[in-house]
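Visitor: I have a structure to go through. Please help me read it piece by piece.

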Amino acid sequence: MIETDGRPRILIIDDEEVVLDACAQILGTQEFDLAVARDGTTGLDRVGEFHPDLVFVDLKMPGISGFEVLEGIRARDPSIVTIVITGYATLSSAVEAMQKGAYDFLPKPFTPEEFRLVTRRGLERRRLAREAARLRAERDLLREQFASIVSHELKAPLAAVQQQLMLLAHELAGVLSEAQQERLRRLQGRIADLLALIATWLRAISSDLESLRASFRPVPIPTVVEKAVDSMRVLAERKDITLETDVPTAVPPVLGDEGTLVEALVNLVGNAIKYSPAGSRVIVSAGAREGTVSLAVRDFGVGIPPEDLPRILGGLSRAVGTAGETGAGLGLVITRRIVEVHGGTLTVASTPGTGTTVTISLPAAGPSAAEAVGGAERQKEVGVR
């Protein structure tokens, strides 16, 4: 078992004894834990035992080559930083080394200062990579915690309300007027919609995305746009904003989950309405190019400052709409996750004072899926059930 006091671990793999001694003298033993290997096979074994942060690899050694060592290290732990040291430096060998995962390339002979400099750069690269991995782990943990909050703080109370409404509807069946019973049914329906939406959110933000992908089927884009726009029409009319659509019927379908795709578009249209002044327009358009289907929502509202664009899709952010509406930015986060689940991307282009266009890009479904959707649409047109 290798013990360490937190010092960086450096492994040097080279068949030249003089090089190993020189490197060890240059680095010393005060700041680093050093290990050496005199051939590639032994070096790969040392990688598994020593768990180095940085590995120097000679390209020409007895037995397996330095290139094979680079591939072996990358297969074992791609986060380990590797630097090639060689007396046979050529442009082609440098390119090949980089393609096999090497971070840097140091021709022999090298000066002590050159070796120290490349060592510092390699260790800094390792530190940044580990920091990035730590931040990704924290982000995933926060996402899981958010899923837990949504599940327990929203889903459970709503389910209890739904249960009480069902009981109330049964007990008052002979007392309520038809109009009152209809309002009660609508209330139950809205609660059911909210519960379904929460279930969808939980799937979308969960790290277990396979369950959502398992339900993918061909989804016609015009249907997604129609449902999303219909859902937001009342809100648009309330703010005197015109909702326009530009969706060619020839746009191919995508493989996905219709409910979450509609929800993603609803979020974008809702944001566009929120940040648009009264009397303006919001345009929802679709198109296809080179195997990619795009859904774009354009508004002519307040826009987004350039400094906010890089972080607007990365997490929750607060903003105030043109009518004083507030929000936590949850819609964009959920939309981004939904798009990611579908193998797509979400991009934002905006100019303050002019407006914003948010575009969802998704892989187009294949010809067989398009034919399946076309057949379903034709059945609808002739009233086949």
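Visitor: In what order do the strands of the open sheet with mixed pairing come?

Guide: The order is β7-β9-β10-β14-β13, with 5 strands in the sheet. Keep in mind that this is a predicted model: local features need pLDDT of at least 70, side-chain atom pairs count only at pLDDT 80 or more, and totals for chains, interfaces and linings use all residues. Residues are numbered from 1 along each chain as its sequence is written, and side-chain values use heavy atoms, leaving out hydrogens and water.

Visitor: What do "strand" and "pair" mean here?

Guide: Strands (E, at least two residues) and helices (H or I, at least four residues) are DSSP runs, numbered from the N terminus. Two strands pair if DSSP finds at least two bridges between them.

Visitor: Fine. Which strands are at the edges of that sheet?

Guide: β7 (242-246) and β13 (345-351), each of which pairs on one side only. On average, neighbouring strands here are turned by 15° against each other, direction ignored. Such angles run from 0 to 180 degrees between N-to-C directions, and the axes are lines fitted to C-alpha atoms, for helices over the stretch in contact.

Visitor: And how do β10 and β14 pair, parallel or antiparallel?

Guide: Antiparallel: β10 (residues 292-299) and β14 (residues 355-363) share 7 bridges. In one of them, V297 has V358 of β14 as its partner.

Visitor: Which helix lies across β7, β9 and β10?

Guide: Helix α8 (residues 221-238), running at about 175° to β7. Helix α9 (residues 258-274) packs on the sheet too, touching β7, β9, β10, β13 and β14, and its direction makes about 25° with that of β10. Contact means heavy atoms within 4.5 Å.

Visitor: What comes between α8 and β7?

Guide: A loop, and D240 is found there. The phi of D240 is near 55°, a positive value in a residue other than glycine. D240 counts as exposed, at 52% relative accessibility. Exposed means over 50% relative accessible area, buried under 20%, and partly exposed in between (1.4 Å probe, protein chains only).

Visitor: New topic. What is the strand order in the open sheet with parallel pairing?

Guide: β2-β1-β3-β4-β5, which makes 5 strands. β2 (33-37) and β5 (104-107) stand at the edges with a single partner strand each, so one side of each is left without a neighbour in the sheet. Neighbouring strands are turned by 20° against each other on average, direction ignored.

Visitor: How many bridges join β1 and β2?

Guide: 5, with β1 covering residues 9-13. R9 stands opposite D33 in β2. β1 is also joined to β3 by 4 bridges, and there L11 stands opposite V55.

Visitor: Is β3 largely enclosed or exposed, and why?

Guide: Largely enclosed, because 5 of its 5 residues are buried. L54, F56 and D58 lie on one side, V55 and V57 on the other, and both faces are covered.

Visitor: How does β3 connect with β4, parallel or antiparallel?

Guide: Parallel, over 5 bridges, with L54 opposite V81. β3, α3 and β4 also make a right-handed β-α-β unit. Right-handed means that, with the strands pointing away from the viewer, the path from the first strand over the helix to the second runs clockwise. Helix α3 (residues 66-76) lies across β1, β3 (54-58) and β4 (81-86), at about 155° to β3.

Visitor: Now α2. Which residues in it are buried?

Guide: In α2 (residues 40-50), G40, G43, L44, V47 and F50 are buried. Down the axis of α2 they fall within an arc of 145°, so they line one face of the helix. The arc is that of the directions from the helix axis to the C-beta atoms. These buried residues pack against β1, β2 and α3.

Visitor: What follows α2?

Guide: H51, whose phi is positive, near 50°. H51 sits in the loop between α2 and β3 and counts as partly exposed, at 49% relative accessibility.

Visitor: Last one: I85. Is it buried or exposed?

Guide: I85, in strand β4, counts as buried, at 0% relative accessibility. Residues up to four places away in sequence aside, I85 touches several others, among them F56, L106 and F110. The C-alpha atoms of I85 and K108 are separated by 6.5 Å, though the residues are 23 apart along the chain.

Visitor: What kind of peptide bond runs from K108 to P109?

Guide: A cis one, with omega near -5°. P109 lies in the loop between β5 and α5 (112-171).
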